[in-house]
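Let's take a walk through a protein model together. Have a look at the sequence and the 3D view, then read on.

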Amino acid sequence: EVNPELNFDYQIALLQGQLGNIELMTDKLLDYAYEKQDNTAIVQNYLTRFIADEAQSTFLNYLKKTLLLRTQKNPDVYWNQFLSWLYVQQKEYGKAFIQEKAIYKRNPESLNAILSLAYMAVDDKQQEDAISILEYVLENTNDVSQQVAAHTLLMQLKMEEAIPSDYSKIDSELNNLLEKYGFQSTTVTLIKLQAHFKAFYLNQPQEASLLLNKALKLRLNNREISEIKMELADVLLFDEKFNQSILYYAQVEENMKNDVLAHEASMKMAKANYYKNDFDWALQQVKVLKQSSSLLIANDAVELFLLIKDNSYEDSTRVALTSFAKADLLLYQNKEEQALNGFISILEKHKGDTIEDETLYRIATIYSKRKEYQKAIDYYKQILEHHADGIYVDEALFFSAEIYRKYLDDPEKGKPLYEKMIFEHADSIYFTEARKQFRILRG
């Protein structure tokens with residue numbers, strides 16, 4: 001009353017939240033965000049706590065309903081953007097895409113937001129939504145860099161789903177795209193993808209190396225050079241030229257200090273040493289990487305550290321570990337059948353050894369990738385029954401539950417697995433998703 005210029009919507013919203021008046025809190029927060037749009041991120045950050053804690057609850061339904069009403073009553077793109085943000089939090093990229101299209105039609109300046117949405121859909125393995133978004137980008141942009149980015153992502157999705165009979169067609173499409181857009185710095189992502197395809201799918205590592213070495217002669221910035229060198233190192237590793245690949249990973253690590261790319265290069269360097277059976281050196285590298293700020297890299301480092309450490313105590317000659325590394329290399333080289341035979345052979349020769357749970361996990365992963373879901377479940381089950389104190393229990397629980405829910409259309413069998421995961425593995429990187437899915441199934 002003393003100063004009508006002051007806005008206390010945010011403070012009032014927080015008090016309403018503490019009183020349990022969630023709907024009033026939501027309305028006040030949205031009013032405040034609209035009035036003070038610079039503070040939108042603060043409001044969204046606060047709402048995220050409720051979204052995370054109350055997945056699929058009345059709060060979430062109310063927030064969606066009130067945002068939809070605001071988009072209808074007040075034709076301001078602000079509400080479309082807010083609604084798009086909410087759908088992204090829920091990983092509902094198709095619905096977010098509808099909002100982003102509405103924003104673009106009213107302000108057709110840039111498709112960057114829509115392209116970012118495609119990247120997120122790809123990362124979350126939502127291929128159908130990603131393809132729809134990318135096709136829309138290609139239909140509506142004249143920007144060459146956006147076209148190249150969209151084509152690269154589309155080709156990447158095709159490669160992931162491809163069977164050997166599709167390879168020649170994909171190779172031809174990649175050649176046509178490079179011919180259309182030219183071999184230059186703006187097509188680096190496309191060049192990298194073509195090199196990767198030649199090595200890992202067509203088994204032509206020499207051609208892939210030539211392509212990448214040619215790309216290094218282009219005018220590129222430091223990050224682009226590092227990304228090309230990383231791909232080149234991957235190809236050399238595929239070709240079992242271990243020392244050369246390690247040299248390139250080391251260059252990337254040096255060039256991109258304190259960057260996620262440097263951590264990734266360090267992890268790949270450790271893996272290269274592991275593949276060439278230099279286990280002690282790999283162990284030294286992953287010891288450091290366990291502290292990485294990137295959760296996924298730290299997780300991979302812990303996994304490799306435990307694999308080497310656990311299988312060096314009982315067997316100082318590391319016979320089982322050497323066989324395991326060989327099968328792992330075949331898996332890296334996309335030689336799935338040979339890798340599977342290698343892991344099954346390890347199970348037969350080293351039954352009861354510490355290597356057993358890692359081997360069961362690898363076999364289950366391969367069968368899952370091959371869409372042989374019942375076989376995958378059987379191997380995950382062996383981990384849960386015989387290695388209940390091992391490091392792969394949370395993966396076995398989570399991925400078994402996911403298979404029952406997504407592919408075997410039997411969510412009731414998945415529910416107790418999600419529940420066990422929540423109560424016994426709160427430190428797992430799959431905990432949040434398991435909790436969300438359990439709450440949905442529980443209703």
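Is Lys192 buried or exposed? Lys192 is buried, because its relative accessible area is 18%, and the cut-off for buried is under 20%. Before going further, keep in mind that this is a predicted model.

**Charged pairs**

Side chains of opposite charge can pair when their charged atoms come close. In this model, the count of salt bridges comes to 28. Here are three of them, with the N to O distance for each.

| Pair | N to O distance |
|---|---|
| Lys64 and Glu92 | 3.3 Å |
| Lys192 and Glu227 | 3.8 Å |
| Glu424 and Lys420 | 3.2 Å |

Start with the pair from the opening question: the side chains of Lys192 and Glu227 meet in a salt bridge. Lys192 sits in helix 11 (residues 188-200) and Glu227 in helix 13 (residues 222-238), so this pair ties together parts that are 35 residues apart in sequence.

Now take Lys64 and Glu92, which form a salt bridge with their closest N and O atoms 3.3 Å apart. This pair links distant parts of the chain, 28 residues apart, with Lys64 in helix 4 (residues 58-73) and Glu92 in the loop between helix 5 (77-89) and helix 6 (93-106). Lys64 is buried, at a relative accessible area of 14%, whereas Glu92 is partly exposed at 24%.

Glu424 and Lys420 make another salt bridge. How many residues apart are Glu424 and Lys420 in helix 23? They are 4 residues apart in helix 23 (residues 411-424), so about one helical turn separates them. Lys420 counts as partly exposed, with 38% relative accessibility.

**Two loop residues with a positive phi**

Most residues other than glycine have a negative phi, and most peptide bonds are trans. So which residues are worth a look here? Asn334 is not a glycine, yet it has a positive phi of about 70°. You can find Asn334 in the loop between helix 18 (319-332) and helix 19 (336-349), and it is partly exposed at 30% relative accessibility.

Lys371 also isn't a glycine, and its phi is positive too, at about 65°. Look for Lys371 in the loop between helix 20 (356-369) and helix 21 (373-386). Lys371 counts as exposed because its relative accessible area is 53%, and the cut-off for exposed is over 50%.

**A nonpolar patch**

Which residues make a nonpolar surface patch of about 280 Å²? The answer is Leu6, Phe8 and Ile12. Ile12 belongs to helix 1 (residues 9-18) and is partly exposed, with a relative accessibility of 34%.

**A pocket to explore**

Rolling a probe the size of a water molecule over the atoms shows where empty space is left. The second largest pocket holds about 340 Å³ of space. Its lining has 17 residues, and those nearest its centre are Asn299, Ile391, Asp394, Glu395 and Ser428. Helix 17 (295-313) and helix 22 (393-406) are the elements that give two or more residues to this lining. Helix 17 gives the largest share, with 6 residues. Sorted by class, the lining of this pocket has 8 nonpolar, 4 polar and 5 charged residues.

Terms used: Residues are numbered from 1 along each chain as its sequence is written. This is a predicted model: local features need pLDDT of at least 70, side-chain atom pairs count only at pLDDT 80 or more; totals for chains, interfaces and linings use all residues. Side-chain values use heavy atoms; hydrogens and water are left out. Patches are made of residues with over 30% relative accessible area and no salt bridge: like charges are joined within 9 Å, nonpolar side chains (Val, Leu, Ile, Met, Phe, Trp, Tyr) within 5 Å. Accessible areas come from the Shrake-Rupley method with a 1.4 Å probe; for residues, only the protein chains shown count as cover. A salt bridge is a side-chain nitrogen of Lys or Arg within 4 Å of a carboxyl oxygen of Asp or Glu. Buried means under 20% relative accessible area, exposed over 50%, partly exposed in between (1.4 Å probe, protein chains only). On a 1 Å grid over the protein atoms alone, a cavity is a set of points where a 1.4 Å probe fits but cannot get out, and a pocket is an open set with protein on both sides within 12 Å along at least five of seven lines; lining residues have an atom within 4 Å of a point. Grid points are joined across faces, edges and corners, and a volume is the space filled by probe spheres set on the points. Ala, Val, Leu, Ile, Met, Phe, Trp, Tyr, Cys and Pro count as nonpolar, Asp, Glu, Lys and Arg as charged, and the others, Gly among them, as polar.
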